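Please have the viewer open as you read.

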Amino acid sequence: MSDKSIQVIEGSEVGFATTRVDALLGWARKYSLFQYPFVTACCGMEFMALASPRFDMARFGAEAPRFTPRQADLLWVVGTVSQRQAPVLKMVYDQMADPKYVLAFGTCASCGGFYDNYATVPGIDKVIPVDVYVPGCPPRPEGVIDGLLLLQDKIATGDRTPAVVKPRTDPVPKDLVSLRRSAEGDPVSEAG
Amino acid sequence: MSKVVLKRLEKRFGEAILSTHDQFGDETAVVTPEVWHEVALFLRDDSRCQMDHFIDLTAVDYLGRRTPRFEVVLHMRSMQKLHRIRVKTPVAMGPDGENPKVDSLVDVWKGANWFEREAWDMFGIEFKGHPDLRRLLMYEEFEGHPLRKDYDANKTQPLVEYREGYEKQAPFGLPEGMPFGRQVHDRWKVHVAGRQTDGKTNILGFEED
Ligand code: SF4
C-alpha cells in the first residue's frame, strides 16, 4: 500500500494501520469494478481481446461483467452510439446505482469519430457524464488498460473530472541507441 | 446483353421512354414518371422480359445540376431470361416545395416495400399507393430528409437532450476533433451561397468554364 492516506504503524505485536474512511472506500472500489459492457460497434472486437487471457482485465479487478446495469459500477461504452440508441444508453446509465463510472472506449464513443453526420451522437458525453476517454480507432488494449488504471487512480483520489488517456509513444531507434550507450558508458560500434 | 428488353420497352411505350443507353453491359432506360408503374408491370409480365427479381430501388438528388432535381432508380433482373436492367425516372419537387411523388411499386414486387420506405426516409420521395410509408432508418421525430443535398451536413436532431455546455465538438478541442470534415462542410456552405449570388461557381465550388 503505497497510498499516502494509509499508514501502517508497526511496533506492537500485531501492528495496525490508520486511514480515512473515504480513502478506504476508494481503495476497495477501485479493485472491484463490476462492469456493464455497452458494446455497439467494431471496438467490441478490441474489447473482447482486452477481456481475453492475453491482456487479462482480471489483473485489475475489473473482469466481472454484469448484464444488468443495476449491479454494475463501471459502464463501458464501446463503439458508435446513434441518435436512436442514445435514449437506451441514458436509461442504462440512469439505472446504475451510485457510485458509477463511465469509460468511453474509442473515438466514436468519445467524440463521434469520423461519423460526423446526422445519425451519430457526437460523443456520449453529450448524453451522460464520462470519467475517462480512451481515444483510438480502435484503441489498443494497452491504451484501454491505461484508461482503466487512470480510472482507478481517479477513484482512489475521489477525482471526478473527465480525463483523456495520453497516447503512448514507442521509443524511436535513436533513443534506444543512446540508452545502450549510456548504460555501457561507451559508444556501441556499428558492427556490434 | 439485355438490349432486347430496351427494344421492347421502346416499341411498347414509344415517346414515354426519354432515353436509353448501355454501358459496360448495363442497360438503362429513362422513363417519364407517368408510366413508371406501367413500365414495371410490363417488365414483370411480358413474356420476353419476365423481370421477376426485384434487386434495388433508390433515389439520387441532383440539386443544382439537373432539373427535375430527383431521380428514382430501379434495378431488376430476370431469373428465367438472365436479363438485368436499370430503369430511372426523373421526379420534381412540387411548385411550393412539396415532396416529389411517384407511383409505388409494392403491388408489382413486394420486395420494393422497405426500399421505398428508405427512399422516403432519406430523400423524402412520396410513393403513391404504398401500404405503409413510414421512416425506415431514422426515428419518427426526425425532421427533414438527411440525404437531400440541402440538408445541413452538421445538423443533428437528438432524441435525448444534450447536457448543458456540450456543443457538437470533440472533448479534446477542435484541432484534435474532426478537422477534415468540418473544413469541407464550411467550404460547402460558402460555395453554395456563392453560387446563389454570383452564379459563376457550380455546386462543388469550382469556377465554371
Ligand atoms: S472508434 Fe473506430 S473501431 Fe471503434 S467503433 Fe468507432 S469506427 Fe469502430
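Is B:Gln50 buried, partly exposed or exposed? With a relative accessible area of 24%, B:Gln50 is partly exposed, a term for values between the buried range (under 20%) and the exposed range (over 50%), computed with a 1.4 Å probe on protein chains only.

Before going further, a word on the model: it is predicted, so local features need pLDDT of at least 70 and side-chain atom pairs count only at pLDDT 80 or more, whereas totals for chains, interfaces and linings use all residues. Residues are numbered from 1 along each chain as its sequence is written, chains are lettered from A and ligands numbered from 1 in the order in which they are written, and side-chain values use heavy atoms, without hydrogens and water.

**Positive phi in chain B**

B:Gln50 is not a glycine, yet its phi is positive, at about 50 degrees. You will find B:Gln50 in the loop that links helix 2 (36-45) to strand 3 of chain B; helices (H or I, at least four residues) and strands (E, at least two) are DSSP runs numbered from the N terminus.

B:Phe24, also not a glycine, has a positive phi of about 50 degrees. Its loop runs between strand 1 (17-23) and strand 2 (26-31) of chain B, and B:Phe24 counts as exposed at 81% relative accessibility.

| Cis bond | Omega |
|---|---|
| A:Asp98 to A:Pro99 | near -5 degrees |
| B:Thr67 to B:Pro68 | near -10 degrees |

A:Pro99 sits in the chain A loop between helix 3 (86-95) and strand 5 (101-105). For B:Pro68, look in the chain B loop between strand 3 (53-61) and strand 4 (70-77).
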